[in-house]
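Please keep the sequence and the 3D view open while reading.

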Amino acid sequence: MGLINLTDKDLKLLMVGGKGGVGKTTCASSIALKFAMEGKKVLLISSDPTPSLSDIFEITIGDREKKISNEYELYGLEISSDIVLARWKERFGPEIYEVISSFAKVDYDFVDYVGTAPGIEEEYMLNFIIELVEGGKYDIVVWDTAPAGHTLRLLQLPHLFLRHMEAATKFYMGIYDYFEKIKDAVRLRGSKRTLLEIISSWEALSEKIVHFIRDRNKTKYIIVTIPEALGVRLTDRVIKEFSENNLLVENIIINHVVKDADCEFHMKRKKMQEYYMDMLENRYRDINMVTLYLSADEIKGVEKIKMVGGLLFSD
Ligand SMILES: Nc1ncnc2c1ncn2[C@@H]1O[C@H](COP(=O)(O)OP(=O)(O)O)[C@@H](O)[C@H]1O
Ligand SMILES: [Mg+2]
């Protein structure tokens, strides 16, 4: 079975996750190019702190959407956490300040403090990407995510984020118990909205994000792994956490597979890999598995990426 249906019109966001170094960027790039070759307008985003799209496509991409190919409608974007945080501050800074400053004497720097809270960055990364998806400029967004731990955390974040915003507000105001009583009564200084209305709007945003990432028609997940104990362990962990969050992994790419073993070294390696591939296949019968052979060449430049895409979508 092929990896994913390239002509699926409902599919809007494809997230590629896995441990560092297993081939996420290689696979995400190959899949994105494949969609572009089908005539779709594709945005390939990397949020991995180690810049990678630029390397594989051998052009500078950076933090503005940039056309990667002359031939296809393929665009790239490397987004750093600094930028995501800066945009978060633009979006939420005034509201947070408004909430807090209506009770306490605070500097606007307080917003920076809230921005350092765990989860904010990931939450907003998701929001940022969903806005790009919903903006309608692209037919599909392929997201080369940062290494696994990060992605997992990200998926729980809409709730964490919200809890944090509320907790920060309560904490700063020192009104834990009092809060519930006042939040719908307090009308903020210089604002038409109540505290409750502002918090509700945060809540609505969180819900929108969760809704989007759980919509199995719009969002699909691909895990890239390698046929080794470590790869299996990580896959187990990711899948468990995904299912705990009501998310479904439909595809696994098993990368670095030795194809032709013509020496003792490679025969031994192949045997080891087969053991773990069987393990994955037996464990996850409902998940579509695609293998990707370890190539002798370095995978760089559009032609090589196309070749990998061909392998991923063969048979
Ligand atoms: N099937 C493969 N054959 C040969 N080299 C590969 C293969 N998959 C990945 N690589 C190489 O392994 C390195 C790591 O891959 P990359 O896609 O950057 O991983 P990640 O994004 O998960 O960190 C890169 O140098 C890439 O070219
Ligand atoms: Mg990468």
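## Salt bridges

A salt bridge is counted where a side-chain nitrogen of Lys or Arg lies within 4 Å of a carboxyl oxygen of Asp or Glu, and by this rule the count comes to 10 salt bridges. The structure is a predicted model, in which local features need pLDDT of at least 70 and side-chain atom pairs count only at pLDDT 80 or more, while totals for chains, interfaces and linings use all residues. Residues are numbered from 1 along each chain as its sequence is written, chains are lettered from A and ligands numbered from 1 in the order in which they are written, and side-chain values use heavy atoms, with hydrogens and water left out.

One of these bridges joins K137 to E65, with the closest N and O atoms 2.9 Å apart. K137 lies in the loop between α5 (120–134) and β5 (140–144), and E65 lies in the loop between α2 (53–57) and β3 (66–67), so the pair ties together parts that are 72 residues apart in sequence. The helices (H or I, at least four residues) and strands (E, at least two) named here are DSSP runs, numbered from the N terminus. For accessibility, buried means under 20% relative accessible area, exposed means over 50%, and partly exposed lies in between, with a 1.4 Å probe and protein chains only. By these limits K137 is partly exposed at 48%, and E65 is partly exposed at 31%.

## Bridges between strands and between helices

The side chains of K220 and E250 also meet in a salt bridge, at 3.2 Å from N to O. Because K220 lies in strand β6 (residues 219–225) and E250 in strand β7 (residues 249–257), this pair ties together parts that are 30 residues apart in sequence. K220 is buried, with a relative accessible area of 12%, whereas E250 counts as partly exposed at 25%.

A further bridge links R283 with D236, and here the closest N and O atoms are 2.5 Å apart. R283 lies in helix α10 (residues 264–283) and D236 in helix α9 (residues 229–244), so the pair ties together parts that are 47 residues apart in sequence. R283 counts as partly exposed, at 43% relative accessibility.

## The largest pocket

A pocket is found on a 1 Å grid over the protein atoms alone, as an open set of points where a 1.4 Å probe fits, with protein on both sides within 12 Å along at least five of seven lines; its lining residues have an atom within 4 Å of a point. Grid points are joined across faces, edges and corners, and a volume is the space filled by probe spheres set on the points. The largest pocket has a volume of about 260 Å³.

Which residues lie nearest the centre of the largest pocket? They are G21, V22, G23, T26 and H256, out of 16 residues in the lining. Helix α1 (24–37), strand β7 and strand β8 (288–293) each supply at least two lining residues, and the largest share, three residues, comes from α1.

## Around H256

H256 is found in strand β7 and counts as partly exposed at 30% relative accessibility. The backbone oxygen of H256 is reached at 2.8 Å by the side chain of Q273, which is a polar contact, meaning a pair of N or O atoms within 3.5 Å in which, within protein, one must be able to donate a hydrogen and the other to accept it, and residues adjacent in sequence count only if both atoms are side-chain atoms. Q273 is found in helix α10 and is buried, with a relative accessible area of 2%.

Most residues other than glycine have a negative phi. H256, although not a glycine, has a positive phi of about 70 degrees. E58 is not a glycine either and has a positive phi of about 60 degrees; E58 lies in the loop between α2 and β3 and is exposed, with a relative accessible area of 52%.

Helix α3 (residues 81–101) bends by about 50 degrees at F92, and a proline, P94, follows within four residues. The bend at a residue is the angle between axes fitted to the seven residues ending there and the seven starting there. The buried residues of α3 include W88, F92 and I96.

L85 also has its place in helix α3 and is partly exposed, with a relative accessible area of 22%. The C-alpha atoms of L85 and E121 are separated by 6.0 Å, although these residues are 36 residues apart along the chain. E121 lies in helix α5 and is partly exposed, with a relative accessible area of 22%.
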